[in-house]
Amino acid sequence: MTVLQTLVDAVALGLLYALVAMGIGLVFGVMRLVNFAHGELLTAGAYALLLTNDMPLAVGLAACFGAVVALALAMEVVYRPLRTTTPTTMLVTTFAVSFLLQAVALLAFGARGRNVGVLSELNRAVSIGDLRVRWVTLVSIGVGALLLTATALVLARTDVGLQMRAAAMDATTAQLLGVRASTVIRFAFLLAAVVAAAATVLLTVQRPLVTPSYGFQLVIPALVGVVVGGLDRLVSATLGGFAIGFATAVLGDVLPADGRVFLDTALFLLVILVLLVRPGGLFGRTRAAWERV
Amino acid sequence: MKDAAPEARRRPGESLRAGGVSRSFEGVHALDGVTLELHRHEVVGLIGPNGAGKTTLVNIVTGFDFPDEGDVELAGEEITSWPPHRRARNGLARTYQHGRLFGGLSVRENVEVAALGVGAGPREARRRADELLGLLGLDAREHASAAVLPHGEARKLGVARALATRPRFVLMDEPAAGLSEAEVPGFAEVVRTVRDEHEAGVLLIDHNVGLVLDVCDRVQVLDEGRTLAEGTPTEIRRNIDVTAAYLGGAHA
């Protein structure tokens, strides 16, 4: 296992986590809401792929994106009354929505995992010089970089992106100028959903076993990444997601085989150290996210 | 414009009116039965010493505060309980003493986002930004971050942003603070342009009495929550009591 090999894998996983983290950051930016149920978007996408396993690829992808977007827009409606409440109420509510959706998945599909077979041929490896890289790694890097760039362009160049940035900086003033909170928030959920759906497709290629807690297990480290990076800016939240994915992949490679069970332990130890040194996040400003006015 | 009688330029319903407004804070009368009327195509000055109730009145007119008594009407419609953003979309804009600019956005983006907020399309938003940045002399700074603007330019950007909503009425809270003495005549010209070309009514609150008397069609003087005097700049200039009250406050 060469260093380069580890780096390629780590970048690929980092980008997928960055996509998930960016989705969380987009919604937080315009609504000050940490959506714990973001993972259930991935779960919904994964089950949509599962149900369309035997159908043409295009149908599967359409079902995945459709399911994720529909669920995200439904979440936006459910969260609407939360806009005027405290951060604590928001947090607990999104937790409740997350568990509710997991319970629904459990009732509908059972606790036993089932395998998604979509695009499984991407697991074949290709040789580049001394490297043996799976296609999905290359596709993840390509798609991840593309989506991050595209989202950055949407925020920088479009009208709704400009309004999102203004609302994220100062929601009150944006609203006073007439910017409609609903439009901006709905668009944030939509963007987060599209990105989450793309991440779901790539993740199910590498981790095909879908269970009711599929997304939840992925979102917890992504959320940790968001906090480590710094919740108050989209860029730092996304970088934090990338860092967690990257660290996970690197630790998975460098830890001895019988030490893999300690991967999460090592990861969270790193997180604690980072937050002790920089409570505002690795890439954020030093003040804590909640204190942002 | 000067030759047309003010009444001729006023159309029925084209006015912003706060009638008999009172507001107390913990027993202190910040405003006590003040009536303020602003028509389109006119500039009204609101002056008075610190604590006279100017900002309270502006807050009530723009929906940041609500009167204990009295009401606010916009074009004949009662809007006393409307939230600020609803008033903004109905043609009432303001600037803020503390700017409230989006520091992370560029100068141009600050103007464009305000146009988009009230429903302008992207091309229209860019057009308004071009025009207003030119009008206020900010075109050379359009790509600078709003956070790095010196005080005077930040005030001008606040005015540009308010105008980007194409308001029928615009309330300017100390827009000339931070302008150099040399910049004041240019700013007076901006206010006249807003009145004559944007056809908006302007309420100008400023400590620069020279500017207010120079540019306003009418001036209203507040003191201790009441209207002390009201009239043309010439009449106000003659009113020695007013001058005394104002200067007394300004030097306190």
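A: Chain B has a mean pLDDT of 87, and 90% of its residues reach 70 or more; pLDDT is the predictor's confidence in each residue, from 0 to 100. This is a predicted model, in which local features need pLDDT of at least 70, side-chain atom pairs count only at pLDDT 80 or more, and totals for chains, interfaces and linings use all residues. Residues are numbered from 1 along each chain as its sequence is written, while chains are lettered from A and ligands numbered from 1 in the order in which they are written.

Helices (H or I, at least four residues) and strands (E, at least two) are DSSP runs, numbered from the N terminus. Over residues 1-10 of chain B the pLDDT is below 50, and this stretch has six contacts in the model beyond near neighbours in sequence. Two residues are in contact if their C-beta atoms, placed from the backbone, lie within 7 Å. For the complex, the predictor gives an ipTM of 0.76 and a pTM of 0.81.

The domain assignment divides chain B into domain 1 (6-91 + 167-251) and domain 2 (105-165); such bounds come from an automatic or database domain assignment. The C-alpha centres of the two domains of chain B lie 23 Å apart. Their contact takes 15 residues from domain 1 and 10 residues from domain 2. On the domain 1 side, α3, β7 (169-173) and α7 (184-196) of chain B each supply at least two residues, and α7(B) gives the most, with three residues. The residues of this side are nine nonpolar, four polar and two charged. Here Ala, Val, Leu, Ile, Met, Phe, Trp, Tyr, Cys and Pro count as nonpolar, Asp, Glu, Lys and Arg as charged, and the others, Gly among them, as polar.

Next comes the sheet. Six strands of chain B form an open sheet with mixed pairing, in the order β6-β7-β8-β3-β9-β10; two strands pair if DSSP finds at least two bridges between them. At the edges are β6 (92-94) and β10 (226-231) of chain B, each pairing on one side only. Neighbouring strands of this sheet are turned by 20 degrees against each other on average, direction ignored. Strand β3 (residues 43-47) of chain B runs parallel to β8(B), joined by four bridges, and B:G45 stands opposite B:L204 in β8(B).

Helix α2 (residues 54-62) of chain B packs on the sheet, where it touches β3, β6, β7, β8 and β9 (218-223) of chain B, and its direction makes about 150 degrees with that of β7(B). Axes are lines fitted to C-alpha atoms, for helices over the stretch in contact, and angles run from 0 to 180 degrees between N-to-C directions. Helix α7(B) lies across β3, β7 and β8 of chain B, at about 150 degrees to β8(B).

Elsewhere in chain B, strands β1 (residues 15-25) and β4 (residues 69-74) pair in the antiparallel sense over five bridges, and B:S22 has B:E69 of β4(B) as its bridge partner. β4(B) and β5(B) form a hairpin with two residues between them, and B:A75 in the turn has a positive phi of about 50 degrees.

Finally, 18 residues of chain B are in contact with 14 residues of chain A. The elements giving two or more residues to the chain B side are α3 (84-89), α4 (107-117) and α5 (122-135). The largest share, six residues, comes from α4(B). This side divides into 10 nonpolar, four polar and four charged residues.
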